[in-house]
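Subject: Structure handover

Hello,

Here is the structure I promised to pass on. Please open it alongside this email; my notes follow below.

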Amino acid sequence: MARTVSEAAPKRKTKRGQDAKARRIGTEQSKTRAAFLDATEALVREKGYAAVTTRHVAKRAGHKSQLVHYYFRNIDDLLINVWQRFADKNLARHADAMFAGQPLWELWDFNRNRSDTIFYLEFMALARHRKAIRDEMAKDGRRVRAIQLNSVGKTFEKLDLAQRGWTPMILITVMVSIARTLVLESGHKFSLGHKEMADFVERWIKEVEGQ
């Protein structure tokens with residue numbers, strides 16, 4: 001009987017990757033394993049998660065397809081590890097930038113990054129069908145939002161938005177939604193009003209945080 005994704009990728013209990021390490025056969029420090037992760041991430045970015053198969057990953061990595069299952073129990077396990085690596089790297093970079101003095105610029109630029117946003121949206125679509133990936137994304141989403149609230153909250157105090165019924169959470173949600181909508185629509189060759197919206201947001205950020 002085929003393993004379900006929840007069986008293949010149980011929730012992390014303490015530190016990231018602890019449960020995955022217990023399941024994995026191949027060593028976590030292997031260059032071959034890293035090559036499979038790189039190949040999978042590249043396929044998701046270029047062709048979408050549906051293009052991720054054992055054969056495609058192995059071909060892209062330059063290894064035999066049998067080796068994929070030496071390091072990962074199945075494709076779900078591979079995709080979860082790809083997401084975890086991406087999320088950890090992004091979280092660290094985003095956290096550093098958010099507290100560097102211009103959190104609104106970072107929030108805007110972070111979500112306007114086309115490649116990363118498309119990658120994120122691909123996993124969002126995948127998460128509809130994979131509970132384990134949905135759980136991982138929810139955990140990481142809460143971590144990112146906590147950082148954003150902590151950083152943007154300090155800038156928010158300098159603005160007069162609170163008098164108009166705004167909160168730091170509303171501000172973050174609006175900016176993230178606008179940025180991701182522009183990326184998503186432009187990916188479908190629709191950009192009507194995009195420049196006007198982007199110029200408006202960036203003029204406002206300049207007034208608050210400078211160039």
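In helix H10, the buried residues are Leu171, Ile172, Met175, Val176, Ala179, Leu182 and Val183. Seen down the axis of H10, these buried residues fall within an arc of 125 degrees, so they line one face of the helix. That face has several partners. The buried residues of H10 pack against helix H7 (103-112), helix H8 (114-127), helix H9 (131-156) and H11. Keep in mind throughout that this is a predicted model.

H10 covers residues 168-187, which is 20 residues. From first C-alpha to last, H10 reaches 29 Å, close to the 28 Å expected at 1.5 Å a residue. After H10 comes Lys189, with a positive phi near 60 degrees.

Now the chain as a whole. The secondary structure comes to 11 helices and 0 strands. Read from the N terminus, the elements run α-α-α-α-α-α-α-α-α-α-α. The protein chain has 211 residues, and buried residues make up 42% of them. Among the contacts with a separation of 6 or more, 70% are between residues 24 or more positions apart.

Next, the aromatic rings. A pair of rings is described by the distance of the centres and the angle of the planes. The count here comes to 7 aromatic pairs. One of them is Trp83 with Tyr120.

Tyr120 has a relative accessible area of 21%, so Tyr120 is partly exposed. The cut-off for buried is under 20%.

A second pair is formed by Phe86 and Phe119. The ring centres are 4.4 Å apart and the planes are at 55 degrees, so this pair is tilted. Phe86 lies in helix H6 and Phe119 in helix H8, so the pair ties together parts that are 33 residues apart in sequence. Both Phe86 and Phe119 are buried.

Which residues make up the aromatic cluster? Trp83, Phe86, Phe119, Tyr120 and Phe123 form one cluster.

The charged end of Arg45 sits over the ring of Phe119, 4.7 Å from its centre. Arg180 lies over the face of Tyr120, at 4.2 Å from the ring centre.

Last, a residue in H11. Val208 lies in that helix, which spans residues 194-209. With a relative accessible area of 28%, Val208 is partly exposed. What does Val208 touch, leaving out residues up to four places away in sequence? The contacts are Leu104, Thr155 and Leu159. Take Leu104: Val208 and Leu104 are 104 residues apart in sequence, yet their C-alpha atoms are 8.5 Å apart in space.

Over to you.

Best wishes

Notes:
Residues are numbered from 1 along each chain as its sequence is written. This is a predicted model: local features need pLDDT of at least 70, side-chain atom pairs count only at pLDDT 80 or more; totals for chains, interfaces and linings use all residues. Side-chain values use heavy atoms; hydrogens and water are left out. Helices (H or I, at least four residues) and strands (E, at least two) are DSSP runs, numbered from the N terminus. Buried means under 20% relative accessible area, exposed over 50%, partly exposed in between (1.4 Å probe, protein chains only). Contact means heavy atoms within 4.5 Å. The expected span of a helix is 1.5 Å times one less than its number of residues. The arc is that of the directions from the helix axis to the C-beta atoms. Rings of Phe, Tyr and Trp (its six-membered ring) pair if their centres lie within 6.5 Å; planes under 30 degrees apart count as stacked, over 60 as edge-to-face and the rest as tilted. A charge sits over a ring if NZ of Lys or CZ of Arg is within 6 Å of the ring centre and within 35 degrees of the ring normal.
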